[in-house]
Amino acid sequence: MIKTPLAASLLAALCAAAIGLSAATTTTFSRFLNNPSAAAAPDDTAARCGAGCALFHNAAALRQPKTSPFPAAIGSHAESTSVIWNGQYLMYYRTFVSPAGTTCPIPQGVALATSADGGGTWTPVNGGRPLPALQTVQDGQSCNFDDSVQSTWVYAPDVIADGSRLVMVFEQRDHNPNYLGPGQGRSLHSIRYVTSNNGLDWSNSTLLVGPGAVGAWDDEVGTPDIEKDGTGYILTFHGHDSTGRLKQTRAVVRLDTLAGEYTGTRSKIILSPTPGWANYGVGMADMTREPDGYWYMVFEAFSGASGSCGRTDTSTVVGIARSADARTWSVRPAPLISGRDGLSCGWDMPSWQVLGGIRGIVTPNDPPEGASLVRWDIIEPPSS
């Protein structure tokens with residue numbers, strides 16, 4: 001069937017509405033169908049405009065595949081991170097499968113999946129069980145929530161290739177049921193790192209960023225993202241207060257080396273401007289540097305009364321921003337992905353999966369909770 005320009009525009013709009021694309025992205029996606037040559041990025045670095053740059057400039061769109069490239073074992077509300085290393089396609093993610101193979105309601109640690117088809121599809125290693133050095137530990141049992149006992153949860157990994165090794169940062173939740181006195185517990189969230197020479201066996205963890213003072217904006221820290229920057233590193237992470245008085249934010253630090261706890265200045269990132277859909281703050285984010293020299297960040301953002309899920313007065317979206325210094329970010333006005341209803345976190349916890357010929361953004365498939373991860377393909381205009 002030959003599509004007329006009007007029919008193509010309507011088709012693009014219907015497809016975009018079905019997958020939660022913005023009006024601006026719908027227009028661009030329609031241009032792809034009608035006049036691909038008109039969809040070039042509107043800046044002078046178009047020749048070096050990568051996937052993130054194209055999304056930022058509305059010169060690319062997102063499409064949710066009909067089927068997930070991840071099996072059900074790689075599921076529930078999980079963060080993920082992907083890397084090509086020594087010819088291997090590796091993905092690390094928060095798993096809810098216990099070392100015994102039982103699916104649990106609380107995080108069980110960090111698991112590994114591999115791809116044999118260039119990142120097209122993924123298979124969990126050892127059935128999705130957590131890696132031995134990156135497991136949840138909870139007195140008595142580790143499968144069900146119990147804040148009456150001592151526990152350590154491990155989740156939110158981010159991995160980079162660093163010469164002959166891999167470096168992973170992750171969030172760790174340490175709960176002490178008697179931290180403030182008998183029966184007065186507190187959970188401390190910190191950022192730690194480990195290294196590996198083979199992707200399977202990991203070192204003992206080292207504290208990298210500890211929690212701030214009670215009630216401070218960085219009272220709790222987590223969902224870290226580490227990137228190489230020359231010979232050093234950039235680390236971003238979320239921060240919020242356990243009292244719930246302050247909005248959630250994200251911060252950045254620069255590290256010359258990875259050598260124990262960082263005790264220097266923690267600088268909040270700046271969104272310029274801050275869109276209404278991020279007026280309650282920013283959570284998990286993932287950066288990538290592209291050939292045009294900019295960092296591109298996909299991030300979850302909250303608006304309304306809180307940053308909590310399951311509330312009709314709160315919404316979650318995924319946005320994109322770019323920066324030259326990883327601190328001050330220009331935000332694309334419209335979000336990339338919008339949530340499905342007011343009782344969910346929506347499609348949140350975004351991470352880039354740009355590996356070889358794969359161009360996408362990975363999020364949980366919420367609602368319902370407990371579903372598999374999904375990858376949103378980045379659809380770019382054809383080369384002229």
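By the ring-pair rule used here, the count comes to 6 aromatic pairs; rings of Phe, Tyr and Trp (its six-membered ring) pair if their centres lie within 6.5 Å, with planes under 30 degrees apart called stacked, over 60 edge-to-face and the rest tilted. Take Phe56 and Tyr296: their rings sit edge-to-face, 6.1 Å centre to centre, with 70° between the planes. That pair ties together distant parts of the chain, since Phe56 belongs to helix 3 and Tyr296 to strand 17, 240 residues apart. (Helices, H or I and at least four residues, and strands, E and at least two, are DSSP runs numbered from the N terminus.) Phe56 and Tyr296 are both buried, where buried means under 20% relative accessible area, exposed over 50% and partly exposed in between, with a 1.4 Å probe and protein chains only. Ring pairs also bring in Tyr294, giving a cluster of Phe56, Tyr294 and Tyr296.

A word on what you're looking at. This is a predicted model, so local features need pLDDT of at least 70 and side-chain atom pairs count only at pLDDT 80 or more, while totals for chains, interfaces and linings use all residues. Residues are numbered from 1 along each chain as its sequence is written, and side-chain values use heavy atoms, with hydrogens and water left out.

Back to the rings. Phe145 and Trp153 make another edge-to-face pair, at 6.1 Å centre to centre and 75° between the planes. Phe145 counts as exposed because its relative accessibility is 51%, whereas Trp153, at 9%, counts as buried. Trp153 has a charged neighbour too: Arg173 lies over its face, 4.2 Å from the ring centre. For a charge to sit over a ring, NZ of Lys or CZ of Arg must be within 6 Å of the ring centre and within 35 degrees of the ring normal. Lys228 does this with Tyr233, lying over the face at 4.4 Å from the ring centre.

Now step back to the whole fold. The protein has 3 helices and 23 strands, and 56% of its 384 residues are buried. Among contacts (heavy atoms within 4.5 Å) between residues at least 6 apart in sequence, 55% join residues at least 24 apart.

Next, the open spaces. Everything is worked out on a 1 Å grid over the protein atoms alone: a cavity is a set of points where a 1.4 Å probe fits but cannot get out, a pocket is an open set with protein on both sides within 12 Å along at least five of seven lines, and lining residues have an atom within 4 Å of a point. Grid points are joined across faces, edges and corners, and a volume is the space filled by probe spheres set on the points.

The largest pocket holds about 820 Å³ of space. Its lining has 33 residues, and those nearest the centre are His240, Gln248, Phe302, Gly307 and Ser308. Strands 7 (151–162), 8 (165–176), 11 (220–229), 12 (232–240), 16 (281–289) and 17 (295–304) each supply at least two residues of that lining. By class, the lining splits into 10 nonpolar, 13 polar and 10 charged residues; Ala, Val, Leu, Ile, Met, Phe, Trp, Tyr, Cys and Pro count as nonpolar, Asp, Glu, Lys and Arg as charged, and the others, Gly among them, as polar.

The second largest pocket comes in at about 450 Å³. It is lined by 24 residues, with Ser82, Met287, Thr288, Trp352 and Val354 closest to its centre. Two or more lining residues come from each of helix 3 (51–56), strand 2 (80–85), strand 7, strand 16 and strand 21 (351–355). Here the lining has 11 nonpolar, 6 polar and 7 charged residues.

Strands 7, 11 and 16 each give at least two residues to the cavity lining, which has 5 nonpolar, 3 polar and 3 charged residues by class.

Finally, two loop residues. Gly346 lies in the loop between strand 20 (337–338) and strand 21, and counts as buried because its relative accessibility is 1%. Pro335 sits in the loop between strand 19 (328–331) and strand 20, and at 14% relative accessibility Pro335 counts as buried.
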